[in-house]
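Visitor: I have a structure open here and have never looked at it before. Could you walk me through it?

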Amino acid sequence: MNLVKKASFKAISSTTNFAINRKGLRRLLIRSMEKRIYKDLIKENPDNRPSKVQEDKYYMGRSIFRSIERTIEKGNLSREAMDGLLRVFLGNVFFGGFYKRLDYIKEYSERPPVFMTISPAKRCNLRCKGCYAASGAEFKEKLSWSVLTKIIDQARDLWGMNFFVISGGEPLLYKDDNNTILDLYEKYDDCYFLMYTNGILISEEMAKRMAKLGNVTPAISVEGLKKETDDRRGKGIFEKILGAMDNLKKAGVPFGLSITVTRHNIDVITSDEFRNFFFKEKGSMYGWIFQYMPIGRKFTLELMPTPKQRARLYEWEWQLLRKEDTFVADFWSTATASDGCIAGARPGGYFYIDWNGNVMPCVFVPYTVDNVNEAFKKGRSLNDIIHSGFFKDIRQWQFDYGYKKPPQEHDNWIMPCFIRDHHGKFLEVARKHNVNPADEDAAVALKDKGFNEGLIRYDKEMKELTDPVWKDHYLGSG
């Protein structure tokens with residue numbers, strides 16, 4: 001999207017207010033965006049990617065546009081939420097920021113990251129089995145309001161960043177200097193926020209405020225249907241989640257799902273019953289899928305989807321994206337649409353900051369060499385942080401793996417993950433930079449011989465299964 005000209009962005013912005021209340025104009029606006037990305041991605045292909053990779057990107061973008069259009073047509077959005085999706089998300093996020101990024105490119109000879117994930121607080125009102133963040137009610141760690149806002153100010157000013165993912169802990173429990181997480185969304189009304197939440201705090205009044213803000217979409221965590229969700233999150237949680245969805249739908253807030261897939265619930269997640277219930281009956285606009293990662297509380301290799309299950313999930317997600325225009329995505333199955341691994345502040349990628357200010361390459365790489373609290377005290381900026389040797393070596397691996405290679409030299413983006421799919425390389429880079437584990441679980445994992453050897457064996461099996469698909473489907477016509 002970095003090739004979209006400023007005139008195109010102005011045209012989108014100027015027509016948005018008219019489009020909000022005019023069905024025909026809304027459809028025309030969205031179709032014009034589809035044509036634009038088709039031209040940019042498939043006809044022009046400026047980054048010289050395999051043609052099938054570019055097709056995946058197009059289908060991903062089209063499913064985003066049509067999921068938004070479908071939600072609007074159903075009358076499930078407030079006026080402010082429609083404005084937020086069309087003007088802020090599709091305008092500022094999807095097509096904006098071009099000229100600010102040029103300054104960064106001039107200095108560093110590569111594009112900046114386009115979003116980041118921030119966990120403002122570790123505290124949570126649930127204590128889920130296998131939580132990646134090991135959150136709970138007893139934790140008090142949090143970012144100060146001044147540091148939180150400085151992070152966003154710098155990201156906007158340095159990189160033209162207008163999209164932020166807010167995670168946790170439970171973000172709706174965050175409070176500092178009399179400011180809540182909703183106050184953050186109000187302060188930065190030119191930005192769009194995707195908030196991962198367990199949903200049980202979303203009352204009718206809170207949903208109404210989100211609808212008025214218009215620039216936030218909650219992604220509510222589910223593990224499947226009632227049995228799977230209550231088994232992991234606690235008895236009665238599923239019904240509370242459904243109540244939160246009803247509150248959001250009634251108020252006109254776009255919401256989606258945050259789905260953790262394990263080897264035990266994958267059959268439920270990929271079932272017609274699951275899809276019909278959440279996407280058609282309850283009104284979910286999208287689904288973010290997280291394949292269980294062996295980090296966090298009581299980490300284990302036994303919950304990871306097997307390579308064969310991952311292959312099934314890959315087929316299921318692309319079926320929904322290509323043929324049903326239902327927006328579902330994860331960092332693994334749909335990595336072709338993001339040019340592989342996006343961690344480490346890769347061009348067009350992201351990085352992660354937790355409640356202690358630790359800066360990490362990814363939510364699922366709980367190792368750090370920098371802390372934003374300390375960096376700001378010393379007058380260092382986010383630019384300084386993301387150019388650490390640790391981050392640079394991750395990006396160099398991404399570049400060598402395929403990001404900066406011609407099509408026929410691309411390696412397999414069906415298994416893109418730096419820490420899970422290429423665990424041997426992760427260990428090499430982590431040890432080189434003497435990384436600091438973000439918590440005790442991460443420290444144990446780094447030294448656990450059986451854990452590390454098990455992941456390396458897993459990677460070999462995944463490679464044997466998916467390399468033929470990558471070579472035949474993606475490189476065969478590249």
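**A first walk through the chain**

Guide: Asparagine 45 sits in the loop between α2 (23-44) and α3 (51-73). Keep in mind that this is a predicted model.

Visitor: What is the phi of asparagine 45 near?

Guide: Phi is near 45 degrees there, a positive value in a residue other than glycine.

Visitor: And is asparagine 45 buried or exposed?

Guide: Asparagine 45 is buried, because its relative accessible area is 18% and buried means under 20%.

Visitor: Back up a bit. How many helices and strands does the chain have?

Guide: The chain has 19 helices and 14 strands. Its radius of gyration is 21 Å, close to the 23 Å that the globule rule gives for 478 residues, so the chain is as compact as a globular protein of that length. The C-alpha trace spans about 60 × 50 × 50 Å along the principal axes.

Visitor: What share of the residues is buried?

Guide: Buried residues make up 61% of the 478 residues.

Visitor: Switching to charges. How many salt bridges are there?

Guide: The count comes to 35 salt bridges. One of them joins the side chains of aspartate 176 and lysine 142, at 3.4 Å from N to O. This pair links distant parts of the chain, 34 residues apart: aspartate 176 is in strand β3 (residues 175-176), and lysine 142 is in the loop between β1 (116-118) and α6 (145-159).

Visitor: Are those two side chains buried or exposed?

Guide: Aspartate 176 is buried, with a relative accessible area of 18%, while lysine 142 is partly exposed, at 39%.

Visitor: What does glutamate 324 form a salt bridge with?

Guide: Its partner is arginine 275, and the closest N and O atoms are 3.6 Å apart. Glutamate 324 lies in the loop between α13 (307-323) and β9 (327-329) and arginine 275 in helix α12, so the pair ties together parts 49 residues apart in sequence. Glutamate 324 is partly exposed, with a relative accessible area of 30%, whereas arginine 275 counts as buried at 13% relative accessibility.

Visitor: And where is lysine 432, the partner of aspartate 393?

Guide: Lysine 432 is in helix α17 (residues 423-432) and aspartate 393 in helix α16 (residues 389-403), so this pair ties together parts that are 39 residues apart in sequence. The closest N and O atoms of the two are 2.7 Å apart. Lysine 432 counts as exposed, at 59% relative accessibility.

Visitor: Which residues do salt bridges with shared partners join into one network?

Guide: The network holds Arg31, Glu34, Arg62, Arg66, Glu69 and Asp325.

Visitor: Which residues form a positive surface patch?

Guide: Arg70, Lys74, Lys249 and Lys280 form one. Lysine 280 lies in helix α12 (residues 272-281) and is exposed, with a relative accessible area of 57%.

Visitor: One last thing. Which peptide bond is cis, with omega near 15 degrees?

Guide: The bond from glycine 168 to glycine 169. Glycine 169 is in the loop between β2 (163-166) and β3.

Key
Residues are numbered from 1 along each chain as its sequence is written. This is a predicted model: local features need pLDDT of at least 70, side-chain atom pairs count only at pLDDT 80 or more; totals for chains, interfaces and linings use all residues. Side-chain values use heavy atoms; hydrogens and water are left out. Patches are made of residues with over 30% relative accessible area and no salt bridge: like charges are joined within 9 Å, nonpolar side chains (Val, Leu, Ile, Met, Phe, Trp, Tyr) within 5 Å. Accessible areas come from the Shrake-Rupley method with a 1.4 Å probe; for residues, only the protein chains shown count as cover. A salt bridge is a side-chain nitrogen of Lys or Arg within 4 Å of a carboxyl oxygen of Asp or Glu. Lys and Arg count as positive and Asp and Glu as negative; His and the chain ends are not counted. The place of a charge is taken as NZ of Lys, CZ of Arg, CG of Asp or CD of Glu. Helices (H or I, at least four residues) and strands (E, at least two) are DSSP runs, numbered from the N terminus. Buried means under 20% relative accessible area, exposed over 50%, partly exposed in between (1.4 Å probe, protein chains only). The radius of gyration is taken over C-alpha atoms; the globule rule is 2.2 Å times the number of residues to the power 0.38.
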